[in-house]
Amino acid sequence: MIVITTPTGQIGGRLLEILLAETRTRGEQLRVIVRDPGKLPDAVRAHVDVVTGSHDEPEVVDRAFAGADAVFWLAPSHGRAPSLDALYSGFTQVAAKAFATHGVGHVVGVSALGRGTPVADRAGHVTASLAMDDLVASTGVAYRALANPTFFDNLLWQVASIRDHGVFTETVAADRSAPRAATRDIAAAAAALLLDRSWTGTGEVAVLGPEDLSPNDLAEIMSDVLGRPIRYERQPLDAFRTELAGRGMPAPLVDGYVDMMRAKDDGLDDGVRRTAPTASPTTFREWCEQVLKPAVQA
């Protein structure tokens with residue numbers, strides 16, 4: 001039995017698709033925790049056990065983890081939590097206890113690059129995510145944290161600006177190269193770990209994409225794929241802070257995003273060397289052709 005949290009999210013949804021295709025010939029059962037089962041396609045609901053609720057609620061995780069061999073864990077990085085600690089480790093406390101209570105053998109979590117870098121202790125959401133990993137690891141469960149860079153898919157939040165103005169923004173320097181990855185590759189890495197389960201102990205699995213890219217590189221590739229000029233505009237951190245606060249985001253979460261982006265510009269994502277196992281396959285050009293271009297043209 002594999003339990004999947006956030007089965008309607010970017011990573012969890014793709015993971016569920018992969019596991020549905022794989023588990024039918026492996027004798028594995030799938031269970032999902034979801035607030036609104038109506039968001040699951042009918043074809044999915046027919047093949048999974050659904051536990052309704054939030055995965056920080058004791059009664060929900062008790063029902064979901066009963067008989068579970070493995071769990072895919074993703075704490076939400078949004079909401080109205082009073083602090084970053086509450087958003088990550090606080091949200092995970094109930095599940096951490098339930099892993100031991102129900103004898104869950106393996107947990108795969110979504111986390112971030114940065115551990116061991118000079119800025120890891122002042123990287124906002126990433127710092128809190130790494131503390132969450134330590135909490136899960138302390139339970140004695142076999143744990144792998146997927147250490148991820150910035151997602152290609154974050155650009156989908158800027159589809160309107162890319163389509164209407166030919167502009168996308170970030171806060172890092174225009175020539176600042178760093179790893180980036182597609183969420184579908186992160187889901188694939190999670191699926192491989194959840195289906196194998198021969199691994200023991202705790203550790204990280206980095207998902208780095210095939211190459212480092214700067215915002216200037218992104219602009220060049222998007223321009224080529226979309227057939228029109230796309231340019232990068234660097235957003236000052238103060239403006240980024242004002243934008244997030246204007247959306248009604250609580251101050252601690254705003255501070256966390258600002259600190260994270262400052263740390264990324266200072267090398268947060270540079271601590272892991274790309275090797276064959278860490279170089280996930282999807283290129284940015286492929287992602288633009290298959291995901292961004294259809295979204296812009298929709």
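Helices (H or I, at least four residues) and strands (E, at least two) are DSSP runs, numbered from the N terminus. Helix H8 spans residues 215-226 and contains Ser223. The model is predicted, so that local features need pLDDT of at least 70 and side-chain atom pairs count only at pLDDT 80 or more, while totals for chains, interfaces and linings use all residues. Residues are numbered from 1 along each chain as its sequence is written, and side-chain values use heavy atoms, with hydrogens and water left out.

Ser223 has a relative accessibility of 19% and therefore counts as buried; the term means under 20% relative accessible area, with exposed over 50% and partly exposed in between (1.4 Å probe, protein chains only). A polar side-chain atom of Ser223 lies 2.8 Å from the backbone nitrogen of Ile230. Contact, here heavy atoms within 4.5 Å, links Ser223 to Arg228, Pro229 and Ile230 when neighbours within four places in sequence are left aside.

Not counting residues up to four places away in sequence, Phe168 touches Leu155, Gln158, Ile162, Pro215, Leu218, Ala219, Met222, Ile230, Arg231, Tyr232 and Glu233. A nonpolar core is a set of buried Ala, Val, Leu, Ile, Met, Phe, Trp, Tyr and Cys residues joined through side-chain atoms within 4.5 Å. The largest such core has 36 residues, of which Ile162, Phe168, Met222, Phe284, Trp287, Cys288 and Leu292 touch the most other members. Two or more residues of this core come from each of helix H5 (125-137), H6, H8, helix H9 (237-246), helix H10 (251-265) and H11. Another core, of 33 residues, lies apart from it and includes Val32, Val34, Val44 and Val108.

Aromatic rings form a further set of links. Rings of Phe, Tyr and Trp (its six-membered ring) pair if their centres lie within 6.5 Å; planes under 30 degrees apart count as stacked, over 60 as edge-to-face and the rest as tilted. By this rule there are seven aromatic pairs. In one of them, Trp73 and Phe91 have ring centres 6.0 Å apart and planes at 45 degrees, so the pair is tilted. Because Trp73 belongs to strand S4 (residues 70-73) and Phe91 to helix H4 (residues 84-101), this pair ties together parts that are 18 residues apart in sequence. Both Trp73 and Phe91 are buried. The rings of Phe152 and Phe284, with centres 5.2 Å apart and planes at 65 degrees, are edge-to-face. Phe152 lies in the loop between S7 and helix H6 (159-165) and Phe284 in helix H11 (residues 284-297), so this pair ties together parts 132 residues apart in sequence. Both Phe152 and Phe284 are buried. Phe65, Trp73, Phe91 and Phe99 form one aromatic cluster.

Arg31 touches Met1, Ile2, Val3, Ile4, Asp49, Val51, Arg63, Ala64, Phe65 and Ala66, not counting residues up to four places away in sequence. With a relative accessible area of 10%, Arg31 is buried. A polar contact is a pair of N or O atoms within 3.5 Å; within protein, one must be able to donate a hydrogen and the other to accept it, and residues adjacent in sequence count only if both atoms are side-chain atoms. The Arg31 side chain makes such a contact with the side chain of Asp49 (2.7 Å), and the side chain of Arg31 also reaches the backbone oxygen of Ala64 at 2.7 Å.
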